[in-house]
Amino acid sequence: MDPKEVVVLSPGRINLIGEHIDYNGGHVLPAATDLYIRFKFYKNKNNLSEVQSKTINKSLKLDLNNLERSDIKWENYIIGSLIYLIKRRNINPKNFSCIIDGDLPVGAGISSSSALICGFIKGIGILNKLDFTDEEILLISREVEYNFIGVKGGIMDQFSIIHSKENKLIFLNCKSKTFEHIDVDLGEYKILLLDTNIKHDLLESSYNDRVRECAKALEIVNNENGNFNFLTEINLENLIKFKEKMPEKIYNRALFVVEENERTLIAKEKLKNSDLRDFADLMYLSHFGLKNLYDVSCEELDFLVDQTVDNSKILGARMMGGGFGGCTINIIHSEEVESFIRNISKKYLDKFSKNLTPIITTLGKGLNYKIIR
Ligand code: GLA
């Protein structure tokens, strides 16, 4: 029987450590949030399909036989997904209506764009009784972001959205795409995200510059001695030999990548052994690398991290995601949450004349759905 309605929940992603590592073929430690985009799909008998987003209060009509790039950004996530689905899977989707809402904030650095694409592709698949594998959803959604939207990112976001399990982190090797679910016991501690409300748009930011700079560093190493596919294959000892042979900026990018990948490997062990303090120290080192070597932080993110350093109830903090805005991730004692949020929100408002949005999150479930027949 044809599904009457399909409801898909597509989560955002957090990342404990391993930033800007996915497109460098290393290790990351992300998870899904417990905040979701919710899609309700049903077939319609009209000539056009329609998508209505209650989250941003916009709607879109689509002729599935004549899909073209739009000038409006969010529309391209939908249009690109449909174009790549049709192209890759040669499918002929039936006209549909889709209503989007949910509680996942947009532009906060928790991957609302990948959540939108992955959830949309999943829903179209189920509605049309096409059994997309997780691997297909991963590949198609990545292609949409990489080729159609133009953000040259890695696979971390899509992977976490698809494969996460409640209360578990994903330890993902981005080169081999092998992964492990890791149990995390934070005890009395919570994960607090602080959204700067500096809306980051990776396409308009220097994100793709960083991807290019890493490729440049790799090229310099390979020209001299090697056949590496990714920067994370180079060890620190080897990289240091290139300090004088690379422009300083390029060397700094590579140094960050090699160190951050190392940190992630150590962090995984620390978390497995519930050494939260040691783990959290690595978060600070990650932040300082992202700020000083990789240059993807901003004044607001640095301010938020600085405010945690002398607070004994906060184990660690760092900027999270692509950077240039978005949010910080903090490991904070549950007793401290309320007063810290109160104080930091006031300080942030005083300094930047902007509101801070605090989000307490747990490790959520990956993409899931319900079919109503
Ligand atoms: C964005 C990208 C990811 C990843 C992170 C940084 O979220 O979409 O692929 O590169 O930035 O770790």
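Is Arg-263 buried or exposed? Arg-263 counts as buried, at 9% relative accessibility (buried is under 20% relative accessible area, exposed over 50%, partly exposed in between, with a 1.4 Å probe and protein chains only). The model is predicted: local features need pLDDT of at least 70, side-chain atom pairs count only at pLDDT 80 or more, and totals for chains, interfaces and linings use all residues. Residues are numbered from 1 along each chain as its sequence is written, and side-chain values use heavy atoms, with hydrogens and water left out.

**Salt bridges**

- The structure holds 24 salt bridges (a side-chain nitrogen of Lys or Arg within 4 Å of a carboxyl oxygen of Asp or Glu).
- Side chains of opposite charge can pair when their charged atoms come close.
- Helices (H or I, at least four residues) and strands (E, at least two) are DSSP runs, numbered from the N terminus.
- Glu-260 is buried, with a relative accessible area of 0%.
- Lys-313 and Glu-335 form a salt bridge in which the closest N and O atoms are 3.9 Å apart.
- This pair links distant parts of the chain, 22 residues apart: Lys-313 is in the loop between helix 9 and strand 10 (314–320), and Glu-335 in the loop between strand 11 (327–333) and helix 10 (337–352).
- Lys-313 is partly exposed at 32% relative accessibility, and Glu-335 is exposed at 61%.
- A network of salt bridges with shared partners joins Arg-210, Glu-213, Lys-249, Arg-253 and Asp-295.
- Within it, the side chains of Asp-295 and Arg-210 meet at 3.9 Å, N to O.
- Asp-295 sits in the loop between helix 8 (276–292) and helix 9 (299–306), and Arg-210 in helix 5 (residues 207–225), 85 residues apart.
- Asp-295 is partly exposed at 43% relative accessibility, whereas Arg-210 is buried at 5%.

**Open sheet and its helices**

- Four strands form an open sheet in the order 10-11-9-12, with antiparallel pairing (two strands pair if DSSP finds at least two bridges between them).
- Strand 10 and strand 12 are at the edges with a single partner strand each, so one side of each has no neighbour in the sheet.
- From one strand to the next, the twist averages 25°. Axes are lines fitted to C-alpha atoms, for helices over the stretch in contact, and angles run from 0 to 180 degrees between N-to-C directions.
- Strand 10 and strand 11 are joined in the antiparallel sense by six bridges, and Gly-316 has Ile-331 in strand 11 as its bridge partner.
- Helix 8 packs on the sheet and touches strand 9 (189–195), strand 10 and strand 11, at about 30° to the direction of strand 10 (contact means heavy atoms within 4.5 Å).
- Helix 10 lies across strand 9, strand 10, strand 11 and strand 12, at about 15° to strand 9.

**Hairpin and positive phi values**

- Strand 4 (residues 49–53) and strand 5 (residues 58–62) pair in the antiparallel sense over five bridges, with Glu-50 opposite Lys-61 of strand 5.
- Four residues lie between the strands of this hairpin, where Asn-57 has a positive phi near 60°.
- Most residues other than glycine have a negative phi.
- Lys-129 has a positive phi near 50°; Lys-129 is in the loop between helix 2 (112–127) and helix 3 (134–149) and is exposed at 55%.
- Ser-353 has a positive phi near 50°; Ser-353 is in the loop between helix 10 and strand 12 (357–361) and is exposed at 63%.
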